[in-house]
Amino acid sequence: MTGAASLGARAAPSTSKVEVDISHRYGPLVVHEELRFSVMENEFLCVSGPSGCGKTTLLDILAGILQPSEGQVLIDGRPVDPKRDRISFVFQEPSTLPWLNVWDNVATGLRIKKVATPVMRRKVDEIIEIVGLRDYETYYPHQISGGMKQRVAIARAFAIDADLILMDEPFVSLDQPTRERMQREVLHIWEHRRRTVVFVTHNLEEAVFLGDRVVVLSSKPARIVAEIDVPLARPRNPLSHEFTHIRATCADIMHTLGVRPPRNATIPKVTS
Ligand SMILES: Nc1ncnc2c1ncn2[C@@H]1O[C@H](COP(=O)(O)OP(=O)(O)OP(=O)(O)O)[C@@H](O)[C@H]1O
Ligand SMILES: [Mg+2]
């Protein structure tokens, strides 16, 4: 990518799962201009960029629920099709169904995909165990905390054998300790259930803590201004020299774009 910064060599994965080559406008408003990138099979890709630059719009296009003005998104070499491809979305606000208990909320995606009942039971039980909601299966959303609701939404996203999991600032409304715990938990789930993930965040610490790679977008019209590899073993130590260096590189790029870091940008603590 011309003009894009790249740091370090990325180990596997090497098979491209998603190919993006789009431009998008809403009427006269040009949101994305020749946005081109790939997401590798089972990669955890973080996307960061200024507020309003078109990150949510990008996720909608990746999900196949919004057609780009030009170009296309390919999943496994075919144009994305939300009816065929298994795509999970985790939103900023936890999107639980209030009339279903935790177990049934987690099972929703599998029911929609008409997965056979014994397989569904096994998959839901497994993922509930991984996210630590075993004792809360019969609770309803109003009986659990915001962090637990988001865990339900994440469990639901990982329960189906998703081709692609899209996460749009899923921890932004959580308090900082809960956010840090959720960051560790989402990595824990992803390490058990490798999937291709595109995770949008304003928070550079979060991006470097989670991602195999960080794609930084400019403000509208959004273009890729940097693709930064994060070749650090997990769990990452945000106080390490390498982590600090990569975060500083991202911050410099954002700074040159005129983006101020969010007020709640603090370094996630790693206890291991
Ligand atoms: N349905 C729509 N119709 C017209 N304009 C839209 C629509 N959706 C988004 N926009 C505009 O497109 C631009 C990109 O919006 P988008 O929500 O994708 O940005 P974002 O990067 O996700 O922002 P934030 O960081 O605040 O979440 C904004 O200027 C927004 O006002
Ligand atoms: Mg958004």
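Which charged end sits over the ring of Trp190? In this predicted model, it is the charged end of Arg194, which lies 3.9 Å from the ring centre, where a charge sits over a ring if NZ of Lys or CZ of Arg is within 6 Å of the ring centre and within 35 degrees of the ring normal. Local features need pLDDT of at least 70 and side-chain atom pairs count only at pLDDT 80 or more, while totals for chains, interfaces and linings use all residues. Side-chain values use heavy atoms, with hydrogens and water left out, residues are numbered from 1 along each chain as its sequence is written, and chains are lettered from A and ligands numbered from 1 in the order in which they are written.

**Aromatic pairs**

- The count comes to five aromatic pairs, taking rings of Phe, Tyr and Trp (its six-membered ring) whose centres lie within 6.5 Å, with planes under 30 degrees apart called stacked, over 60 edge-to-face and the rest tilted.
- One of them is the tilted pair of Phe44 and Phe199, at 5.8 Å centre to centre and 40° between the planes.
- Phe44 lies in strand β3 (residues 44–48) and Phe199 in strand β8 (residues 197–200), so this pair ties together parts that are 155 residues apart in sequence; helices (H or I, at least four residues) and strands (E, at least two) are DSSP runs, numbered from the N terminus.
- Phe44 is buried at 0% relative accessibility, and Phe199 is likewise buried at 0%, where buried means under 20% relative accessible area, exposed over 50% and partly exposed in between (1.4 Å probe, protein chains only).
- Ring pairs also link Phe44, Phe171, Trp190 and Phe199 into a cluster.

**Salt bridges**

- There are 20 salt bridges, each a side-chain nitrogen of Lys or Arg within 4 Å of a carboxyl oxygen of Asp or Glu.
- Arg36 and Asp21 form one of them, with the closest N and O atoms 3.2 Å apart; Arg36 lies in strand β2 (residues 29–40) and Asp21 in strand β1 (residues 16–26), so the pair ties together parts that are 15 residues apart in sequence.
- Arg134 forms a salt bridge with Glu129 at 2.9 Å, N to O, and another with Glu137, whose closest N and O atoms are 2.6 Å apart.
- Lys17, Glu41, Asp76 and Asp163 are linked in a network of salt bridges.

**Cysteines**

- The count of disulfides, pairs of cysteine sulfur atoms within 2.5 Å, comes to zero.
- The sulfur of Cys46 is 9.6 Å from the closest cysteine sulfur, in Cys250, which is too far for a bond.
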